[in-house]
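Reader: I am new to this structure. Could you take me through the terms used for it?

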Amino acid sequence: MHRSGPGALFGPRGWGAVIAALILICAVAPLLNLVVPKGSLFHLSDFSVSLIGKIMCYAIVALAMDLIWGYTGILSLGHGLFFALGGYAFGMYLMRSIGLDGVYKSPLPDFMVFLDWKAYPWYWSFTEHFLYACLLVVLVPGVLAFVFGYFAFRSRIKGVYFSIITQAMTFAFMLLFFRNDTGFGGNNGFTDFKRILDYPIFTPQMRMVLFVLSGLALVGTLLLARWIVSSKLGRVLTAIRDAESRVMFSGYDPLWYKLFIWTLSAVLCGIAGALYVPQVGIINPGEMSPANSIEIAIWVAVGGRGTLIGPIVGAFLVNGARSWFTVAFPEYWLFFLGAIFIAVTLFLPNGVVGLVAQLRAKRREKKLSAKPA
Amino acid sequence: MQRRGFLKQLAVGAAVAAAFSYGPYAQAADTIKVGILHSLSGTMAISETVLKDVALMAIEEINAKGGVMGKKLEPVVVDPASNWPLFAEKAKQLIGQDKVSVVFGCWTSVSRKSVLPVFKELNGLLFYPVQYEGEELEKNVFYTGAAPNQQAIPATEYLMSKEGGGAKRFVLLGTDYVYPRTTNKILRSFLKSKGIADKDIDEKYTPFGHSDYQTIVADIKKFSAGGKTAVISTINGDSNVPFYKELGNQGLKATDVPVVAFSVGEEELRGVDTKPLVGHLAAWNYFMSLKNPANDEFKKKWAAYAKAKKLPGADKPLTNDPMEATYIGIYMWKQAVEKAKSTDVNKVIPAVAGQTFKAPSGFTIKMDENNHHLHRAVFIGEVQADGQFKVVWKTPGPVKAAPWSPFIAGNDKKKGEPE
Amino acid sequence: MNLVRLIRCVLAVCALAVGLPAAALTPEQIDKLAAPGSDARAEALNSIAAAGDESAIPFLSALAEGNVQTSVSLKKVLIVIDGKGIDAVTGKPVAKLPEDLDEVVANNVFRRELAAAIATLRLTSGDRAVRLAAAKTLQDETESDRLPLVERAIAKETDADIKALLERVRANLQLNSKDKTIRLAAITSLGSSVNPGTKTILLEMLAKKGGEFVEPDADIRFAAQKSLTEVEGRLTKGERIGQVFSGVSLGSILLLAALGLAITYGLMGVINMAHGELIMIGAYTTHVVQNLVRANAPDLFNWYLLAAVPASFMVAAAVGMALERGVIRFLYGRPLETLLATWGISLILIQAVRTIFGAQNVQVENPVWMSGGVELLSNVVLPWSRIVIIGFSAAVLLLVWLALTRTRLGLFVRGVTQNRAMASCMGVHTGRIDTWCFGLGSGIAGLAGCALSQIGNVGPDLGQSYIVDSFMVVVLGGVGQLAGTVYAAMGLGIVNKFLEGISGAVVAKIAVLVFIIIFIQKRPQGMFALKGRFADA
């Protein structure tokens, strides 16, 4: 039932939904947050704005993960790394734009003053330029993914082995970034940001701007993903997932297909990370811990992999649940979260979205059988 | 099917998103909400859980005596799960959604740094109960733990004194994060001012959660052959156990190379067989073994509370420095609110300055009028076979905190109060 | 002052009462010993040690152990042991301990001095072991007052080992002698030392102060330099041995942690993210067994591990089998989803342990026979706990190997690993084999937990720190081959320790991870791959 060709991405109702989402993000949310007075039932609180903004970034990562795992069958346990690298790349810009307002009133970030560094190390060059930082956000995860992916896919590393070495990679980077001598602030990472492009960062307006940007990025990612999976490229990817050797025997070289989607997925994660950092106000190596990357896979699994809406639903469900549980049952929330993961994998192999589809199919069957032919 | 499914799924997504937009939070008028922001899961749960409990105990105690200004305190406990961005989110939630009047919480420096912008933006009030590296002074934070001059410097002076063994070489061993880095930077500059050469200082860092100290202990042994050596350890809580076990096993005794630690207290020693550690040192502003009426009462209350709430480890109730600091913080806040006759942060902050409290450490502790830190006495204790500390040295009275250490260049220009 | 005088008198009498002739400790000495302030104390102690009267030992030991207490209200000095006080004056027990007991504080420095004084007094003991220990304690002593006593001890000593030790002690004490020949002889004889403390002493002789040598005599400096080189050479050799040992020790720990994973993963292709938590369960079981033994049979405490080893195996195996039956078996053929489900399980297990035992670490005490170590050279001590663990992992490895190659279950396991469908066709009940095999792997994880509890923390997060490492070992070694796991674990352990010596712990770890990533590029199936004909393996 897939439609092919970029012209037929969605049907009219699909486009309607996309447009509705855009209106919701770009008009309704800012209105409810900035215009509707506090205390009104319809007021969207600052807290909700930053929470949803944050989760939308996670949803982008989940979508990126779905492209590589759900559609191509390659489980990466290192996507947290690309997310964090994007965040660090943009964080460098944010650190430089603090200017002389740090604790030590120095042009260097506080942690460098602290290590008695006199100048920025070479890899910090030009990061004071916004556009260059944006370029880094894309390039750093992209190049790393390309190089890593090239060698891994060329050696035909597959399945669990690939998962484990991506885990080793993110773990190695985490240790590297934890070192203070690496020059990225060690365990504390980057924090205490002041402004973006000379606008102060901790204002409701800036928060809304970031929220809208994240929302647009999410919708954009969704459209891009939709376009890819409904194109010929997407079919080849699915074929690789289902039977890689047959794809090879049919004359395709899976290397470049895999490499493309893998690099793209990493770049998307980087962009999500760059949007995430100014919203939460901190980036530190904890984001690279293997546990975080596993969680990304879990969002996708909960929502339903191999669908595009699934990862988004999953990211919202899991993170929303965590946000709620940690307040409602601070001492027992891990039980709930753990139980959800088990239940989803056992009973909902296609995730929440799969369940919905299944229920609907059943209903239709009933209808069909109810109507005598 | 694909198309319609997509539409509906999007609608579901939007609904889910909307569900988060306003929570079921309503504020009751007859209570004062107090936020507790300590990790109850993840790596820091080991240290922070008990601070949550001691805070709840203090709140219960205050409520039993009639609350604050006739209103009961209502604790709001959240779990930031040792996840630093989550700390910021939870802080936002506590101040923005739950409208708490004050927050007691954080342990690691990075968690404090992560919530700071939130407290500044929303004008919240945080009481931070753990010894830390200094180099910070924020209007919205009161620091009830020790600054480096209230812990690290006196301990080092003691090690250099004849009584402490007259150490001439120092191993500065820490976990690689900001607290050890800063402390060691301050100590290095302090040691230099005392005429210790760079070659006699060995600075070493291990990653978080490091558990294999064979190489490090062998290195310390090697280093200590070069002269009377002491180890100053800023190893993070959890890694201390394997470190001490290795010390004991490789036969490095406290009488040969004493180790003074700044992150090892009664709680950290709970999981350790302390016999091989006897004689190693810790510097704190409070020890459970202190003998005075205030401490006896504090210990008794804690034991009763732990038993009543069936807390894990209630069979061996322990108190430690950050617990005392949490307890002091809550009472100082209560007194300040009563003085200001308001829970408004702008009125409470000036009222906290100059508050005094008869603390379990046996001194009447004062909150400095300007610098948001406590005046605290410093104790140096030796580990005993029962996991307690025996005080071998103490300052004659409370010491004023110097959050801007004079041993860091440029700090002489800093003002001793929030800007 | 009055009080001090009183205490002094009391102490003097007490000395009599506990069997110390008053002559051993004069009132002035006791006065100084009980007073805080280390200078006077140290002098008193030195004079006691120099006097060489063994009868002063009991009182000094009581001081060192912190058992001497003073009471102002009773105006007495008591030796308090296990809550029972002995009146030092009369030597009789005190019915009720007074409230205001104040301990005579002995800090590190004083304890060290006490130990040296006691050792000096014990040099002429009748027991060889006591003399040996005493001679060892004195290796770093430089107090020249002790020389006559040491000379006397050497003269009386018949045991060659102790005599050699004592001669080195004498050399130490003679270093500051006024006679140059004696000094030179002493320095030369120090060259045979294996004691790191000797290096300290020699370095001090060679030190410069303000551009001038502290030691003006060039001959002496020359001799000292020569001895120093000899000592350092010996110490370096010791350090090398220590490095290899710590590598093997780390390797054995990795092996234990990864062995169970190698079995479950190798057989079923199950990525068990809860493997670390099974290790943790083993460690907590050890904790519980330890407490039970302590409560019910305190005499047998030193042997609690004998019960803890099988118990941790059983408990972890039972939990593992329950997991397999309850969750994992529904997910066969979907390895990546097992990963997620077992991740959920691990969250639940961690939180369950946290709820039951608390978030804090729990205590697991080493039995006496596992504390301390073998002194190979005086700067290399091989800790018993690590030696035992190396032996233990070798034993576990042997048992696993036997189980896999010599039993019927092992035969089935190997069969299922190699070709599940074929094994099933031949009548092997593969489902049951899976359960047993998973139990075996989990049980081994439990054993690893039991071993780890002896050297590290036992807390809810214990397993998390080993899970990544275990996976690296299994993947590096290759699936389904015990030998691969062994080589990988040992290799990683030794390489890691070797690099750590050069570049520090963090860089070493990163280097190892990078090495693994590159190695996998070369051999995507690990060091030892199962040979097969699958195109989509």
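Reader: What percentage of the residues in chain B are buried?

Author: One point at the start: this is a predicted model. Of the 419 residues in chain B, 63% are buried.

Reader: Why is B:A283 called buried?

Author: A residue needs 20 or more other C-beta atoms within 10 Å to be called buried. B:A283 has 29, so B:A283 is buried. B:A283 lies in strand β10 (residues 281–284) of chain B.

Reader: What does B:A283 touch, beyond residues up to four places away in sequence?

Author: Its contacts are B:Q151, B:P154, B:A155, B:V260, B:F262, B:V378 and B:I380.

Reader: How do you know what chain B's radius of gyration says about its overall form?

Author: Set the value against the globule rule. For 419 residues, a compact globule would have a radius of gyration near 22 Å. Chain B has 23 Å, which agrees. Along the principal axes, the C-alpha atoms of chain B fill a box of roughly 75 × 60 × 50 Å.

Reader: How many helices and strands does chain B have?

Author: Chain B has 11 helices and 15 strands. Seven of the strands form an open sheet, in the order β7-β6-β8-β9-β10-β14-β15. The pairing in this sheet of chain B is mixed.

Reader: What makes β7 and β15 of chain B edge strands?

Author: Each has a single partner strand, so one side of each is left without a neighbour in the sheet. These are β7 (201–206) and β15 (389–394) of chain B. From one strand to the next, the twist averages 25°.

Reader: How do you know that β6 and β8 of chain B pair?

Author: Pairing takes at least two bridges between two strands. Strand β6 (residues 169–175) and strand β8 (residues 229–234) of chain B have six bridges, in the parallel sense. In one of these strands, β8(B), B:T229 is the bridge partner of B:R169.

Reader: What share of the contacts in chain B join residues at least 24 apart?

Author: The share is 70%, among contacts between residues at least 6 apart in sequence.

Reader: How many residues of chain A are in contact with chain B?

Author: 49 residues of chain A are in contact with 49 residues of chain B. Contact here asks for C-beta atoms within 7 Å. The largest share of chain A's side, eight residues, comes from α12(A). That side divides into 28 nonpolar, 16 polar and five charged residues.

Reader: Which elements of chain C give two or more residues to the side that touches chain B?

Author: First, the count: 48 residues of chain C are in contact with 47 residues of chain B. The elements of chain C include α5 (108–122), α11 (218–268) and α20 (482–503). The side of chain C divides into 15 nonpolar, 23 polar and 10 charged residues.

Reader: What makes C:E277 count as buried?

Author: The threshold is 20 or more other C-beta atoms within 10 Å. C:E277 has 31 such neighbours, so C:E277 counts as buried. C:E277 is found in helix α12 (residues 275–296) of chain C. Leaving aside neighbours within four places in sequence, C:E277 is in contact with C:S346, C:L349, C:I350 and C:G463. C:S346 is 69 residues away along the chain, yet the C-alpha atoms are separated by 6.0 Å.

Reader: Which way do the residues of strand β1 of chain C point?

Author: In strand β1 (residues 68–71) of chain C, C:V68 and C:T70 point one way, and C:Q69 and C:S71 the other way. All are buried. In a regular strand, side chains alternate between the two faces of the sheet.

Reader: How do you know that β1(C) pairs with β4 of chain C?

Author: The test is at least two bridges. Three bridges join β1(C) to strand β4 (residues 101–103) of chain C, and the strands run antiparallel. C:T70 stands opposite C:D102 in β4(C).

Reader: Which residues have the most contacts inside the largest nonpolar core?

Author: They are A:A59, A:I60, A:V61, A:A62 and A:L63, in a core of 350 residues. α2(A) gives the most to this core, with 19 residues. A second, separate core has 34 residues, including C:F59 and C:I86.

How values were computed
Residues numbered from 1 in each chain as written. Chains lettered and ligands numbered in written order. Predicted model: local features only at pLDDT ≥ 70, side-chain atom pairs only at ≥ 80, totals over all residues. Contact = placed C-beta atoms within 7 Å. Helix = DSSP H or I, 4+ residues; strand = E, 2+ residues; numbered from the N terminus. Nonpolar A, V, L, I, M, F, W, Y, C, P; charged D, E, K, R; others polar. Axes fitted to C-alpha atoms, helices over the stretch in contact; angles between N-to-C directions. Rg over C-alpha atoms; globule rule 2.2 N^0.38 Å. Buried ≥ 20, exposed ≤ 12 C-beta atoms within 10 Å, placed from the backbone. Core = buried A, V, L, I, M, F, W, Y, C linked by C-beta atoms within 7 Å.
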